[in-house]
Amino acid sequence: MEPDFNFDRVIERYGTDSIKWDTQGRDIIPMWVADMDFESPREVQDAIIERAGHAIYGYTVESAGLKRAVVDWLSRRHNWTIDQDWIAFAPGVVPGIRVLLDILTSPGDKVIVQSPVYPPFFRVTRESGCTVLNNQLIYENNRYTMDFADLEEKAKDPQTTALVLCSPHNPVGRVWTKDELATLGNICREHGVFIISDEIHSDLVYKDYKHTPLASISDTLRDITFTCISPSKTFNLAGLKTAFVIIPDPEVMERYEASPLPKQATVFGGIAAEVAYSQGERWLGALLDYIEGNRQYLKTYLRENIPQIVDVENEGLYLVWLDCRELGLDAEGLERFMLDKAGLWVNQGYTFGSGGEGFVRMNLGCPRSILEKGLARLHKAVNDLRRAM
Ligand SMILES: Cc1ncc(COP(=O)(O)O)c(C=O)c1O
């Protein structure tokens, strides 16, 4: 590994007001919320430090290079050519989705989500006055696929006006293929359903897979798709609250711009996004190698030591979805087991909606030594549990 990318280095995060580290006791290893225990790329750090040194943090305008950097990133990394005018700012992907839902739906409409899925999808749908229609994913042979027959039924409902897609999918780790996305897109197009495509994890894809932006597949899909992206997962910048919504439809853009969301990145968020997208690629390559190494370590460790817990086949993300149903614990029992017996804070599967019960989501965005420690704890706790049965 190149010396400037030392992902093995353990960096103290306690006492930094980190939601991941500072909200439970110090005897718990936090492997939950989706940020990583790694420094952001050196170039991003330097740019922020330099700007901070100016010591005047007044109102800003968008830098000339920010949207250009987004356009170039999508073209280089995802083979998607967009117009700069399609880019709007959001202080996070979730607020972006919320505002899009307000624009694209009316209270009382139905919105499709595909559980188990990132929990705020349910909340923002309800906050927009809509009802959730769940097109649950199919879990078979350790892998998830979409249930297109059920999707078609739900899309056909005249009250269904939108679908919130997670692509790649958190927590199940699928990087949807172009064919899967085209099938989903065409069902939605046929039945007049808009798609909000949350592609926040699109840069975190393993070597053998390829992310396809849904809106890049065809002009017809572009016309019904609103894509949310962010450098926050990719470069570990979540605290800078910087995301982008790609809105090719000028009328929807006009309404989005009229929403109460901030229209500008913060002074540091804008700089970080521009520098990350234009100079962070080498760092990202090294990060992905490291994450795949952690993924492989976990896979081998579970197979050799904790075969009762099965890691779902994932194709990207630094999050893994673990099938713990063989432990025979109910939702509360599994939560208590992970916290009290294993000393691990992971996300509980039931919070991801139907189909998540008995699973947990574990964050591998950490130095290998932390992962080793976490898995050793889990191993011991599972052995103790088996002995007690
Ligand atoms: C699928 C997905 N969307 C959105 C977010 C959060 O995005 P933001 O912090 O930009 O609102 C996350 C964070 O874990 C996520 O996994």
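What do the buried residues of α4 pack against? Hold on to that one for a moment, and hello everyone. A quick word before we start: what I'm showing today is a predicted model.

So, to the answer. The buried residues of α4 pack against α3, β3, β4 and β7. Helix α4 covers residues 120-127, and its buried residues are F121, V124 and T125. Looking down the axis of α4, you find those buried residues within an arc of 105°, so they line one face of the helix. For anyone who likes the geometry behind that, an α-helix has 3.6 residues a turn, so residues three or four places apart point the same way. The face of α4 turned away from the buried side carries R123 and E127, which are exposed. And just after α4 comes G129, with a positive phi of about 80°.

Let's move on to the sheet. Seven strands make up an open sheet with mixed pairing, and the order is β2-β10-β9-β8-β7-β3-β4. At the edges sit β2, residues 87-90, and β4, residues 131-134, each pairing on one side only. From one strand to the next, the twist averages 25°. Helix α3, residues 93-104, packs on this sheet and touches β2, β3, β7, β8, β9 and β10. The direction of α3 makes about 175° with that of β8.

Now follow me through a few of those strands. Strand β3, residues 110-113, runs parallel to β7, residues 160-166, and three bridges join them. If you want a pair to click on, V111 stands opposite A162 in β7. On we go to β8: β7 and β8 pair in the parallel sense too, over five bridges. There, L163 has I195 of β8 as its bridge partner.

How many of the residues of β8 are buried? Five of its five, so to speak a mostly covered strand. F194, I196 and D198 point one way from β8, while I195 and S197 point the other way, and all are buried.

Next, the ligand. Which of the 13 residues around the ligand come nearest? Those are A34, G92, V93, V94 and Y118. If you sort the shell by class, you get eight nonpolar, four polar and one charged residues.

There is a second sheet to visit. Four strands form this open sheet, in the order β11-β12-β15-β14, and the pairing is antiparallel. The edge strands here are β11, residues 310-311, and β14, residues 347-348, and each pairs on one side only. Strand β12, residues 319-323, pairs with β15 in the antiparallel sense over five bridges. One of the bridge pairs to look at is L319 with N363 in β15.

While we're in this sheet, please zoom in on R361, which is found in strand β15, residues 359-363. Is R361 buried or exposed? It has 27 other C-beta atoms within 10 Å, and 20 or more is the cut-off, so R361 counts as buried. Leaving aside neighbours within four places in sequence, R361 is in contact with P171, L319, W321, V346, N347 and G349. Take L319 from that list: R361 and L319 are 42 residues apart in sequence, yet 6.5 Å apart in space, C-alpha to C-alpha.

As a reminder, most residues other than glycine have a negative phi, and most peptide bonds are trans. Another cis bond runs from S115 to P116, with omega near 0°, and P116 lies in the loop between β3 and α4.

K241 has phi near 50° and is found in the loop between α8 and β10. With 17 C-beta neighbours inside 10 Å, K241 counts as partly exposed. L317 has phi near 75° and lies in the loop between β11 and β12. L317 is buried, with 28 other C-beta atoms within 10 Å.

Methods. Residues numbered from 1 in each chain as written. Predicted model: local features only at pLDDT ≥ 70, side-chain atom pairs only at ≥ 80, totals over all residues. Pairing = 2+ DSSP bridges. Helix = DSSP H or I, 4+ residues; strand = E, 2+ residues; numbered from the N terminus. Axes fitted to C-alpha atoms, helices over the stretch in contact; angles between N-to-C directions. Contact = placed C-beta atoms within 7 Å. Buried ≥ 20, exposed ≤ 12 C-beta atoms within 10 Å, placed from the backbone. Arc of directions from axis to C-beta. Near = placed C-beta within 6 Å. Nonpolar A, V, L, I, M, F, W, Y, C, P; charged D, E, K, R; others polar.
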